[in-house]
Amino acid sequence: MLFPTADAQVKLLEETDCGIISFSEKVKESGNIPLSATTINVLQINTGYRCNLLCRHCHVGAGPDRREMMTRQTMQQCLDVLGESSINTIDITGGAPEMNPEFRWFIERIRERLPDATILVRSNLTLLTAHEKYRDIPEFLKQQRVTLIASLPCYTKDAVDSVRGKGVFDRSIAALKLLNNLGYGKEETGLELNLVYNPGGPSLPEEQHQLERRYRKQLFEEHGIVFNHLYTITNMPISRFLNDLLENGQYCQYMTLLAKSYNPLAVNNLMCRTTLSVRWDGALYDCDFNQMLNLPLDKRAPQHISSFNKEMLRNRLITVGQHCYGCTAGAGSSCQGTLV
Ligand code: SF4
Ligand code: SF4
């Protein structure tokens, strides 16, 4: 596997000539320059890159051997920010966030500090039933009124197992049934369970509502599973998916597809305009994708959670690159699904 470093990925993205104009030029053409943040409503906290899976499309390059892990001290710095800002959505991601030893402590402290906030946890589902050490997590998430964002790249076993590994589909279905039994995914409980789809290869996702209807029908008819919403996310041409594209000689073909599908309407709603991303060590980024490419924030803004200053961060210029075409293609894409 090639697995280029963040710097090598940025170089490749910026210097490979696929006959596409730069993303910043494209945005300028559509009148959105300079691309800047408008506020910070969401703090997306990446608690570490360790994961029990090794998915082929992973934009994090996460896996069981990754050692990067947020400490309690850095979590405390995040909590300090939550106390003094009006951020009302905290989006916990990874890797597999459940694998951070401080996971429960962190969620409890967030809930204590912000009783009415929306706390999102992104889970690959498979840890929730497979290991004794994680078995209490579903009940814990329910008690803390956490909204679950669960990745399930298809409703068929073959498709999921080919992207995520053998046996992952069955373990995911078992976890979804367990969550449903706890009340997750049922309108009347207020316990939201949202699923995430991303394509298995270099294509754009199908229309979100249409695919949601099919997921709903298939998962209910085949397994009796219910959920609230489906988010479709475009594969970003970075990390492991970039490797896949390079190894299969599909890099320019995919970049051309993304660029040709540029939708100027998506630009206003780009998640980087309202979200701030925190790396496991507290470094700040415009989004989880820029974090993986180590693309720094606007130099005039604070660079670490310990020096958070909302006034200085809320209007920062966004650092963009060719990978940003992944967020503006078709109906647009973000961690909360489509943008238009
Ligand atoms: S895509 Fe998600 S579940 Fe898969 S390796 Fe990456 S972080 Fe883990
Ligand atoms: S990749 Fe990040 S910085 Fe680029 S458009 Fe998407 S959210 Fe914004």
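Ligand 2 is surrounded by L270, M271, C272, D286, C287, F289, N290, I318, V320, H323, C324 and C327, where a residue counts as near a molecule or strand if its C-beta atom, placed from the backbone, lies within 6 Å of it. Welcome to this predicted model, in which local features need pLDDT of at least 70, side-chain atom pairs count only at pLDDT 80 or more, and totals for chains, interfaces and linings use all residues. Residues are numbered from 1 along each chain as its sequence is written, while chains are lettered from A and ligands numbered from 1 in the order in which they are written.

**The two ligands**

- The shell around ligand 2 has 9 nonpolar, 2 polar and 1 charged residues; here Ala, Val, Leu, Ile, Met, Phe, Trp, Tyr, Cys and Pro count as nonpolar, Asp, Glu, Lys and Arg as charged, and the others, Gly among them, as polar.
- Around ligand 1 you will find C51, L53, L54, C55, C58, V60, A62, G94, G95, A96, N124 and S151.
- That shell of ligand 1 has 8 nonpolar and 4 polar residues, with no charged ones.

**The sheet**

- An open sheet of 8 strands runs in the order β6-β5-β4-β3-β2-β1-β7-β8, with mixed pairing; helices (H or I, at least four residues) and strands (E, at least two) are DSSP runs, numbered from the N terminus.
- Its edge strands are β6 (229-232) and β8 (284-285), each of which pairs on one side only; two strands pair if DSSP finds at least two bridges between them.
- Strands β2 (residues 89-93) and β3 (residues 118-123) are joined in the parallel sense over 4 bridges, and D91 stands opposite L120 in β3.

- Leaving aside neighbours within four places in sequence, L148 is in contact with V121, S123, L141, L179, Y184, E192, L193 and N194; contact means that the two C-beta atoms, placed from the backbone, lie within 7 Å.
- L276 is found in strand β7 (residues 275-278), and it counts as buried because it has 28 C-beta neighbours inside 10 Å.
- For burial, C-beta atoms are placed from the backbone: a residue is buried if 20 or more other C-beta atoms lie within 10 Å of its own, exposed if 12 or fewer, and partly exposed in between.
- With neighbours within four places in sequence again left out, the contacts of L276 are I40, L43, L284 and L313.

**Helix α9 and backbone details**

- The 16 residues of helix α9 (residues 208-223) should span 22 Å at 1.5 Å a residue, and its end C-alpha atoms are 21 Å apart, which agrees; the expected span is 1.5 Å times one less than the number of residues.
- After α9 comes G224, whose phi is positive, near 70°.
- Most residues other than glycine have a negative phi, and most peptide bonds are trans.
- The peptide bond from G94 to G95 is cis, with omega near 25°, and G95 lies in the loop between β2 and α4 (103-113).
- R145, not a glycine, has a positive phi of about 55° and sits in the loop between α6 (137-143) and β4 (147-151).
- S239, also not a glycine, has a positive phi of about 50°; S239 is in helix α10 (residues 239-247).
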